[in-house]
Amino acid sequence: DDVDPPTTAAEETTTSSSAASSSAQSCSDDPDWFTITNRGMVRDCAFIAAKDPGDRSILCGRRGRGQDDDRRGAEACPNACLGGTAAVAENDASSSANATRSCTLTFSVEQLTPPDSPHHFMFGYIGQSLTIPWDATDRYVLALRFDSHDRLPTVDDVAVVVLIDTSTRDDRGNYVIIPLDTSRAWNTQQGTMFYWNPEAPETQFFFNDRDEESGKIFTVLFDIGRMERIREYRYDDTPIANAGVCPQGGFFYALNYGRMARSRPVTGYQGAFDWTFNETYPSDDGLWKVDIGTGEKELLVSLADIENVMASENGIDDNTILAGSHLYINHALSNRQCSKVYFFGRGAYQGGPNPLVSKPEMAIDKPFVVNTDGTGLKRVEHIGGHPEWSMDGNTVFGRTENIPSMKNQIVMYNVETDSITGALGSYFSKTSGDLTLSESGEMFANGWEEGEDLVYAVVRLDDGANGLAPLIHRGNVHTSGDLRIDAAPRWNRRGDKLLVPGWSSSNKKRSLNVISVGS
């Protein structure tokens, strides 16, 4: 069943929003105006003055209609934006001196997977830390094809690893789907942790698998030129698998997905072997680092290390929860320089009744940062469950509950100074979504869920051009729980397309969609 059933070419929907006006008036003179900085927009002028007085002289932008029935967010561009266009920066070698760009972004949406297919399709992880579904040529998109979406997958649920050829259609008008391999290590939230090998992104990618008999997981390096697995990273004593690749190549972080399956089933691999089954915070498990070339593994941070940090800072109540919890790690996010990794130390509470525990599988949820040589382990502020690294290697985008005036803004948090250094405000009606920054650092996207729909807000950071993409339908079944379909946007390499999930109303199957972003 290599070629899916016939379908007509996907329809495209285009939306744009009206251009914003600009003025030199002070943003403190009118509550509907907000300051535009070189890092984005922040409505609180006093905050801007305190953080970066130099930004105070930058022009303000007029707030758009807000999150009304038109679904348009704030619309503005900085200094040069007049009458709906913004002059391209003079140092932009790719543009002529008098070229202009629109202050509002346009969007078109195309379903990438066949609307009549008998299969479900997904990519998996959020586009953090340069998790890009496209190969280096922007032609092929990695995906999983599977048959059931009504329960968490087990070892018996085999997903097919496929490439979607976005430059070739079959005689029925569908993009050609090329089966490559299969995986028994995947889930409906993170897939199988696809990542194109940064050292050979034209032909090689990583995914996770498991031995059917032993249940031990491992990571596969596959080459599409040779159409075969060229390496498997198997560790019989500590079976671990990829949780995040260094964007520059050389190594990947790995986790024990068997322990995760017990602790937080939605992000683990059900039935996978776990050598730490009865231990609360073992010293021989935690966050691992695997050398791609040699295959050597190193335990960077143990769960015992994390427990020590937590116990030293906790109060009595927190330590009561800690004593009854099995610790585990989620979301190993490398910065682009591969010098630091941001991760969550979490605890699944397995003690007796405790009125302080409302969500047992995440009774403990504390973020950490550590250097990639294992030094400098430190607790950092919780700025949301799906943060994203900025280009500088020390700052992460996220949200904060500690500054009331900034609850509705995506903030920038410096992990070295433990401080909020800026914010992207007014673009987003919700800041707790899934964040992703494009490879160039120019385009930023936030995706979140509203009932049966997925919402995507996109911002061009160099000039503030922004907009909301058309809503993506995710159905009325998968809106909560372990099988929910989250927004999870991922950029392509050029930063002009997002791969997002959805639910096809025609065949009642999970789908993949591409949002094209224009100006």
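## Overall build

How many helices and strands are there in the protein chain? There are four helices and 36 strands. The model is predicted.

The protein chain has 519 residues, and 58% of them count as buried. Its accessible surface comes to about 19,500 Å². Carbon and sulfur atoms hold 46% of that surface. Now take the contacts in the protein chain with a separation of 6 or more: 58% of them join residues 24 or more positions apart.

The largest nonpolar core has 50 residues. Tyr257, Leu287, Ile306, Tyr342 and Phe343 have the most contacts inside it. Strand 22, residues 340-349, gives this core its largest share, six residues.

## Phenylalanine 343 and its partner

Is phenylalanine 343 buried or exposed? Phenylalanine 343 is buried, with a relative accessible area of 0%. Leaving aside neighbours within four places in sequence, its contacts include Leu287, Val301, Ile306, Lys366, Pro367 and Phe368.

The structure holds 13 aromatic pairs. A pair of aromatic rings is described by the distance of the centres and the angle of the planes. The ring centres of phenylalanine 343 and phenylalanine 368 are 5.6 Å apart, and the planes lie at 10 degrees, so this pair is stacked. Phenylalanine 343 sits in strand 22 and phenylalanine 368 in strand 23 (residues 364-371), so the pair ties together parts 25 residues apart in sequence. Phenylalanine 368 is also buried, with a relative accessible area of 0%. Elsewhere, ring pairs link Phe123, Phe194, Trp196, Phe205, Phe207 and Phe222 into a cluster.

## One face of helix 3

Helix 3 spans residues 303-313. Leu303, Ala304, Ile306, Glu307 and Met310 are buried in it. Seen down the helix axis, the buried residues fall within an arc of 155 degrees, so they line one face of helix 3. An α-helix has 3.6 residues a turn, so residues three or four places apart point the same way.

## The disulfide

The structure holds one disulfide. A disulfide is a covalent bond between the sulfur atoms of two cysteines. Here cysteine 246 and cysteine 338 form the bond, with their sulfur atoms 1.9 Å apart. Cysteine 246 lies in the loop between strand 17 and strand 18, and cysteine 338 in the loop between strand 21 and strand 22, so the pair ties together parts 92 residues apart in sequence.

The torsion about their S-S bond is about 95 degrees, so the disulfide is right-handed.

Note on methods:
Residues are numbered from 1 along each chain as its sequence is written. This is a predicted model: local features need pLDDT of at least 70, side-chain atom pairs count only at pLDDT 80 or more; totals for chains, interfaces and linings use all residues. Side-chain values use heavy atoms; hydrogens and water are left out. A nonpolar core is a set of buried Ala, Val, Leu, Ile, Met, Phe, Trp, Tyr and Cys residues joined through side-chain atoms within 4.5 Å. Buried means under 20% relative accessible area, exposed over 50%, partly exposed in between (1.4 Å probe, protein chains only). Helices (H or I, at least four residues) and strands (E, at least two) are DSSP runs, numbered from the N terminus. Contact means heavy atoms within 4.5 Å. Accessible areas come from the Shrake-Rupley method with a 1.4 Å probe; for residues, only the protein chains shown count as cover. A disulfide is a pair of cysteine sulfur atoms within 2.5 Å. The arc is that of the directions from the helix axis to the C-beta atoms. Rings of Phe, Tyr and Trp (its six-membered ring) pair if their centres lie within 6.5 Å; planes under 30 degrees apart count as stacked, over 60 as edge-to-face and the rest as tilted.
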